[in-house]
Amino acid sequence: MATTQMSSLASAGTAAFEQLAYFALRSQPMFEMVCDVKSTNQSHAGATILFTKYSDLAQATTALHEINDVTPATMGDAQITVTLAEYGNSVQTTAKARGTHFLNIDSDAANIIGYNMADSLDNIVHDELTEGTNVLYGGDATNTGELAATDIMTAALIRKAVANLRTDSAPTFNGGVYVGFIHPDVSYDLRNATTVTDVIAHQNQQNAGAIRNGSIGVYGGVDFIETPRVELTADAGASNVDEYKTIICGKQALAKGFSRGAGFGENPSVVFGPVTDSLRRLNTVGWYHLVGYKRFREESIRRIETSSSIGTN
């Protein structure tokens with residue numbers, strides 16, 4: 001009796017396809033978490049939104065004269081202008097693709113567009129937050145171009161940034177701490193310090209939930225969130241050293257303005273486009289937002305520029 005082997009059935013041994021799609025590796029958007037000043041009491045819909053800040057009066061430390069009246073002090077204020085801009089993106093699937101593809105591409109397209117929405121808006125917030133005017137530099141550098149390979153993050157830099165924030169009366173978040181965004185390469189250097197490692201390791205053992213939210217622990221009054229989304233600028237330092245930005249901020253660091261017109265709101269919208277072709281073959285899904293971000297109090301932001309010992313130097 002003849003035995004039929006797979007090697008003799010060339011057309012029968014077909015490749016099988018896994019019907020679960022895997023998406024690109026993704027970092028978690030998170031910068032908007034520190035944006036706590038919002039246009040909640042807006043007078044009307046407008047292209048720009050003005051936020052007003054009062055300044056306090058100078059201390060009155062001179063004793064009053066018994067019969068002379070006081071001279072009224074002048075109240076002062078300042079305004080921050082947030083300009084609204086349109087942001088959005090979309091993808092389109094065709095009937096032929098939907099009818100011949102082994103994956104559910106409409107569902108996958110919605111997943112991809114949803115992440116693109118969060119990813120894009122978070123980068124817009126990042127770019128505004130990281131351009132503050134209060135900057136500390138690693139080592140003896142006085143500007144970005146002077147950063148050397150040895151000008152890495154230290155515990156002393158963290159303590160100095162916190163001291164600066166407290167000197168400027170920057171309000172803290174819940175728990176009396178500031179929030180820090182730190183690149184993994186920079187976090188490596190910070191946690192190499194024995195005291196930092198001991199403090200953070202102890203906290204991680206006590207609160208695993210915080211780890212899942214990106215926090216690596218509190219050190220020096222800062223709740224650090226480790227994320228590759230913090231900007232790295234290749235070759236920006238001396239001798240082609242990479243420059244890393246670490247951001248430490250308190251409340252009222254950022255202001256967010258958004259349209260309060262009909263159909264708009266604080267959060268972006270996922271939009272399913274109308275079918276406009278004659279044969280109803282083209283499906284479009286996208287996202288849209290009319291929003292603006294602006295640094296609200298420079299006193300509540302400190303940027304630390306350093307290199308990293310494991311960076312590309």
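Predicted model: local features only at pLDDT ≥ 70, side-chain atom pairs only at ≥ 80, totals over all residues.
A residue counts as buried when its relative accessible area is under 20%. Asp277, with a relative accessible area of 17%, is therefore buried.

The overall picture comes first. The protein chain has six helices and 14 strands. Of its 313 residues, 35% are buried. The chain exposes about 18300 Å², and carbon and sulfur atoms supply 51% of that area. Among the contacts in the chain with a separation of 6 or more, 79% are between residues 24 or more positions apart.

The mean pLDDT of the chain is 87, and 88% of the residues reach 70 or more. Confidence is highest in strand β5 (residues 135-137), at a mean of 98, and lowest in helix α6 (residues 208-212), at 51.

The charged side chains can be followed next. A search of the whole structure finds 13 salt bridges. One of them pairs Glu128 with Arg295, with the closest N and O atoms 3.2 Å apart. Glu128 belongs to helix α2 (residues 105-129) and Arg295 to strand β13 (residues 282-295), so the pair links distant parts of the chain, 167 residues apart. Glu128 and Arg295 are both buried.

Another salt bridge joins the side chains of Lys245 and Glu131, at 3.0 Å from N to O. Lys245 lies in strand β10 (residues 243-249), while Glu131 is in the loop between α2 and β5; the pair therefore ties together parts that are 114 residues apart in sequence. The two partners fall into separate accessibility classes: Lys245 counts as buried because its relative accessibility is 8%, whereas Glu131, at 42%, counts as partly exposed.

With 44% relative accessibility, Arg281 counts as partly exposed, while Asp277 is buried at 17%. Elsewhere, salt bridges that share partners join Asp119, Asp122 and Arg229 into one network.

Cysteines are the next topic. How many disulfides does a search of the whole structure find? The search finds zero.

The last stop is Thr306. This residue is in strand β14 (residues 301-306). Is Thr306 buried or exposed? Its relative accessible area is 0%, so Thr306 is buried. Leaving out residues up to four places away in sequence, Thr306 touches Gly138, Leu147, Asp151, Ile152, Met153, Leu157, Val186, Asp242, Glu243 and Tyr244. One of these, Glu243, falls within strand β10 (residues 243-249), the strand that also holds Lys245 of the salt bridge to Glu131.

Key. Residues numbered from 1 in each chain as written. Heavy atoms only, no water. Helix = DSSP H or I, 4+ residues; strand = E, 2+ residues; numbered from the N terminus. Buried < 20%, exposed > 50% of the residue type's maximum accessible area, 1.4 Å probe, protein only. Contact = heavy atoms within 4.5 Å. pLDDT = per-residue confidence, 0-100. Salt bridge = Lys/Arg side-chain N within 4 Å of Asp/Glu carboxyl O. Areas by Shrake-Rupley, 256 points an atom, 1.4 Å probe, with all protein chains shown as cover. Disulfide = S-S within 2.5 Å.
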